[in-house]
Amino acid sequence: MSIRAAEPADAKAIAKVHIQTWQSSYAGIVPAEFLASLSYQNREAWWVDILEAKQSSMCSFVADVEGEGVVGFAGAGPESDGDRIYLAELYMIYVLQSYQRRGFGRRLFSAVTERLILDGFPSMLLWVLQDNRSACRFYEALGGKKIREKTIEIGGVDLVEVAYGWKDLTTLIDACEA
């Protein structure tokens, strides 16, 4: 397995992982009709736009398995709502269900964290659906502290998102290696 910077040529593979992980991770949380309506073509075009933009303040990484291809990805950059304490945001991190609990998530998380530190970000937050208990446990195991919550709408249903935060990203280096 290798963790590497995502490239525009990865857009199709990332889109596949993105949709498949939503469909497996959010089954029973997000309406089934919404999950069934996700479009590989639309998601691929979205990823092409992101990866071709090459914004210096954003980073995207993939977990690549020889002979299998991309099995996970993560993306991060500046915090999106103007938070004054948590200056960076992990926008997303997804690993195919059959590759979870094998260290892929930790390695992607580590790659993002190291890049954010290099880019001068001292702190980070992320948002996760409260009902996605396995993801919440993952962030808690990495030392994330619940800092706030909000209600969002997905597929016509109101869902609660929880923010986890790390005030000092350098503390994550050891946590990711554990």
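Start by selecting W47: at 1% relative accessibility, this residue counts as buried. The model on the screen is predicted.

With 35% relative accessibility, W46 counts as partly exposed. The structure holds 12 aromatic pairs. In one of them, the ring centres of W46 and W47 lie 5.3 Å apart and the planes meet at 85°, so the pair is edge-to-face.

Now widen the selection to W22, Y26, F34, W46, W47, F73 and Y94, which form one aromatic cluster. What sits over the ring of W46? The charged end of R43 does, 4.6 Å from the ring centre.

Next, go to F109 and F138. Their ring centres are 6.1 Å apart and their planes stand at 90°, so this pair is edge-to-face. F109 counts as buried, because its relative accessibility is 1%. F138 has a relative accessible area of 24% and is therefore partly exposed.

For another charge over a ring, select K150 and W127. K150 lies over the face of W127, at 4.2 Å from the ring centre.

Then select the cysteines C59 and C136. Are they buried or exposed? C59 is buried, with a relative accessible area of 4%. C136 is buried too, with a value of 1%. A disulfide is a covalent bond between the sulfur atoms of two cysteines. The count of disulfides in this structure is 0.

The last stop is strand β7 (residues 157–166). How many of its 10 residues are buried? The number is 7, and the strand is mostly covered.

β5 and β7 run antiparallel and are joined by 6 bridges.

Select I154 here, and then V157, its bridge partner in β7. The hairpin of β6 and β7 has 2 residues between the strands. Finish on G155 in that hairpin, where the residue takes a positive phi near 60°.

How values were computed:
Residues are numbered from 1 along each chain as its sequence is written. This is a predicted model: local features need pLDDT of at least 70, side-chain atom pairs count only at pLDDT 80 or more; totals for chains, interfaces and linings use all residues. Side-chain values use heavy atoms; hydrogens and water are left out. Rings of Phe, Tyr and Trp (its six-membered ring) pair if their centres lie within 6.5 Å; planes under 30 degrees apart count as stacked, over 60 as edge-to-face and the rest as tilted. Buried means under 20% relative accessible area, exposed over 50%, partly exposed in between (1.4 Å probe, protein chains only). A charge sits over a ring if NZ of Lys or CZ of Arg is within 6 Å of the ring centre and within 35 degrees of the ring normal. A disulfide is a pair of cysteine sulfur atoms within 2.5 Å. Helices (H or I, at least four residues) and strands (E, at least two) are DSSP runs, numbered from the N terminus. Two strands pair if DSSP finds at least two bridges between them.
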